[in-house]
Amino acid sequence: MPELPEVEALREYLDEHLTGRVVERVLPLAVSVLKTYDPPLTALEGQPAGPTDRYGKFLSLRIGELHLVTHLARAHGLAAGQLKAEKKSGLRVHGRAGEPCPVCGDTVRSVSFADSSLEYCPTCQTGGKPLADRRLSRLLK
Ligand SMILES: [Zn+2]
């Protein structure tokens with residue numbers, strides 16, 4: 001199950017990269033993730049996206065008049081093996097702070113929270129913006 005800082009980082013990422021863009025095409029990756037058939041997925045096509053909100057660990061992406069709501073832990077329960085493989089390939093910077101990003105070569109950074117930490121590539125994942133590091137913020141006070 002993802003921790004709250006990871007869900008918030010994902011919300012920020014989606015908000016930055018999707019808000020204002022128009023959905024061109026929607027395809028379900030697994031029938032089991034569909035909880036509704038009305039409105040159909042095609043109702044999202046041609047609609048503007050954003051903003052993305054977070055309610056606890058639920059993410060809500062507004063598309064036109066509709067809201068796509070997801071919880072990453074629930075998705076795990078539906079497509080666990082497949083999701084794990086995707087997660088592994090998607091987590092190319094996990095545990096690699098200080099090493100070059102395998103995609104762009106920038107230095108992978110680490111940010112720590114009260115009870116966890118995560119690694120990220122500032123170029124690929126935050127648009128060059130460094131995330132506030134709790135340890136560093138404490139030193140700078
Ligand atoms: Zn990178």
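Me: Before I look at the sheet, what has to be found between two strands for them to pair?
Reply: Two strands pair if DSSP finds at least two bridges between them. In this predicted model, five bridges join β1 to strand β2 (residues 58-63), and the two strands run antiparallel. Within that pairing, Thr52 stands opposite Leu61 in β2.

Me: What is the order of the strands in the open sheet, and which are the edge strands?
Reply: As a general idea, strands of a sheet pair through backbone hydrogen bonds, either parallel or antiparallel. Here the open sheet has three strands in the order β1-β2-β3, with antiparallel pairing. Its edge strands are β1 (49-55) and β3 (66-71), each of which pairs on one side only, and neighbouring strands are turned by 20° against each other on average, direction ignored. Helix α1 (residues 4-18) packs on this sheet, where the helix touches β1 and β2, and its direction makes about 165° with that of β1.

Me: How should I read the site of the zinc ion, and what are its protein donors?
Reply: The ideal angle at a metal with four tetrahedral donors is 109.5 degrees. In this case the protein donors are the SG atoms of Cys101, Cys104, Cys121 and Cys124, lying 2.2 to 2.4 Å from the zinc ion, and the site is tetrahedral, with angles of 100 to 116° among its four donor atoms. The donor residues are spaced C-x2-C-x16-C-x2-C in sequence.

Me: Is Cys121 buried or exposed?
Reply: Cys121 counts as buried because its relative accessibility is 1%, and buried means under 20%. Cys104, by contrast, is partly exposed, with a relative accessible area of 38%.

Notes: Residues are numbered from 1 along each chain as its sequence is written. This is a predicted model: local features need pLDDT of at least 70, side-chain atom pairs count only at pLDDT 80 or more; totals for chains, interfaces and linings use all residues. Side-chain values use heavy atoms; hydrogens and water are left out. Donors are N, O and S atoms within 2.8 Å of the metal (3.2 Å for Na, K and Ca); water is not among the atoms, so sites may look incomplete. Four donors count as tetrahedral if all angles lie between 85 and 135 degrees; four count as square planar and six as octahedral if opposite donors are over 155 degrees apart and all others between 65 and 115; anything else is irregular. Buried means under 20% relative accessible area, exposed over 50%, partly exposed in between (1.4 Å probe, protein chains only). Helices (H or I, at least four residues) and strands (E, at least two) are DSSP runs, numbered from the N terminus. Axes are lines fitted to C-alpha atoms, for helices over the stretch in contact, and angles run from 0 to 180 degrees between N-to-C directions. Contact means heavy atoms within 4.5 Å.
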